[in-house]
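Hello,

I am passing a structure on to you. Please look through the sequence and the model below, then read the notes that follow.

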Amino acid sequence: MDVPTQIGKSSIHRVRRGDSFMTLRCVTYIIISLSTLTLVGVLYLVTRWSMITGFDKVEREETARHVQRVRDALNAVIVGMSSKTVDWAAWDDTARYVTDGNDEYVKSNLGPESIINLNVDAVIFIDAQGNLVQARGRADPAQGACDPPQDLLALTLGTPRIMKHPSAQSSVCGTVVLESGIWMLSSRPIVASDLKGPIRGTLVFARRISKEFVREIADQTHLDVEIYPRHEALKTGESPDVAEALATAGLAVKVIGDQKIAGFALIPDVLGNDSLVVQAAMPRRIYQEGMTSMRFQLLAITGTCVCVG
């Protein structure tokens, strides 16, 4: 009768030892799981910081290059207009016209169609004494000739740098912000076709930076482009970091949420003032690709830790 009692006590001890073993195993699993989660979390934070920092640098450098492309595209148009200006300014017929004001030159070269074919919005002729000889604005051929805006004429006739040239090879070109709009401007001395002899006057070509022109630049660069006066950016409350970067370096980059990033660049005008801002915005493809890569890396790290654990 004593044997069953002993067997019962032995079974109880085995059960208790089994409970202790199960409890120890659970604790071990919990410790391993917590360690794994902690390791994954630390690796994720370190990876995120290092990758985001690297992608942010690359993204900002890429954005700066894109806004420089827009600035170069604008400068290319201005240089092209300057080449057209010298073709007309270094011409015997133009030199004779600013001297005698003959009507034949006007009829042959200054009709509405001629202005449109030049792809400019204003043509201004000034004689050697600084007097206005002729000024024509872009107009519909059916409406006849029209005058350029008064503020453009006032700037041209009132700015010695634009109106007077020190040599036959002198050139002034750039942008200018006026009440009538933003203009690209090119000024060249009027001389004979051989580029010799006295300077007979000054020829100015001007083209407005219109919405259509901005769209052309956007299509050319495949970017979301805006061109606006600097004082308008200040009025609309441009972020202090962008304003400070523009003031110190002439270039700024700003992240606009997770989907968009924009670059800003100052454009000096013909008077030497940084009065124009060029903005180029684009999707944050580098950032999005980086986030996708980081998610895959996190999954890989988690899977490895689980398998090892």
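**Ile209 and the nonpolar cores**

Leaving aside residues up to four places away in sequence, Ile209 touches Leu74, Thr175, Ile182, Trp183, Met184, Val214, Ile227 and Leu276. Please keep in mind that this is a predicted model. Ile209 belongs to the largest nonpolar core, which has 40 residues. Together with Leu74, Val123, Phe125, Leu203, Phe205 and Val225, Ile209 is among the residues that touch the most other members of that core. Helix α1, residues 2-89, contributes the most to this core, with 8 residues. There is also a second, separate core of 17 residues, and Ala122, Leu152, Ile162 and Val270 are among them.

Ile126 has Thr202 of β5 standing opposite.

**The four-stranded sheet**

Another open sheet has 4 strands in the order β6-β9-β8-β7, and its pairing is antiparallel. Which strands stand at its edges? They are β6 (224-229) and β7 (251-256), each with a single partner strand, so one side of each has no neighbour in the sheet. Neighbouring strands of this sheet are turned by 20° against each other on average, again with direction ignored.

β6 and β9 (residues 274-283) form an antiparallel pair over 6 bridges, and Asp224 stands opposite Ala281 in β9. Helix α9, residues 240-249, packs on the sheet and touches β7 and β8 (260-268). The direction of α9 makes about 160° with that of β7.

**Ser275**

Strand β9 also holds Ser275. Is Ser275 buried or exposed? Its relative accessibility is 17%, so Ser275 counts as buried, the cut-off being under 20%. The side chains of Ser275 and Asp269 are joined by a polar contact of 3.0 Å. Not counting residues up to four places away in sequence, Ser275 touches Val177, Pro229, Arg230, Ile267 and Asp269.

**Aromatic pairs**

Searching the whole structure gives 6 aromatic pairs. In one of them, the ring centres of Tyr97 and Tyr105 are 4.6 Å apart and the planes are at 15°, so this pair is stacked. Both residues are buried: Tyr97 has a relative accessibility of 2%, and Tyr105 has a relative accessible area of 3%.

Tyr97 also pairs with Phe125, edge-to-face, at 5.4 Å centre to centre and with 85° between the planes. Because Tyr97 lies in helix α2 and Phe125 in strand β1, this pair ties together parts that are 28 residues apart in sequence. Phe125 is buried, at 0% relative accessibility. Ring pairs link Tyr97, Tyr105 and Phe125 into a cluster that also includes Trp88, Trp91 and Phe205. Two members of this cluster, Phe125 and Phe205, are also named above among the core residues that touch the most other members.

Regards

Technical notes: Residues are numbered from 1 along each chain as its sequence is written. This is a predicted model: local features need pLDDT of at least 70, side-chain atom pairs count only at pLDDT 80 or more; totals for chains, interfaces and linings use all residues. Side-chain values use heavy atoms; hydrogens and water are left out. Two strands pair if DSSP finds at least two bridges between them. Helices (H or I, at least four residues) and strands (E, at least two) are DSSP runs, numbered from the N terminus. Axes are lines fitted to C-alpha atoms, for helices over the stretch in contact, and angles run from 0 to 180 degrees between N-to-C directions. Contact means heavy atoms within 4.5 Å. A nonpolar core is a set of buried Ala, Val, Leu, Ile, Met, Phe, Trp, Tyr and Cys residues joined through side-chain atoms within 4.5 Å. Buried means under 20% relative accessible area, exposed over 50%, partly exposed in between (1.4 Å probe, protein chains only). A polar contact is a pair of N or O atoms within 3.5 Å; within protein, one must be able to donate a hydrogen and the other to accept it, and residues adjacent in sequence count only if both atoms are side-chain atoms. Rings of Phe, Tyr and Trp (its six-membered ring) pair if their centres lie within 6.5 Å; planes under 30 degrees apart count as stacked, over 60 as edge-to-face and the rest as tilted.
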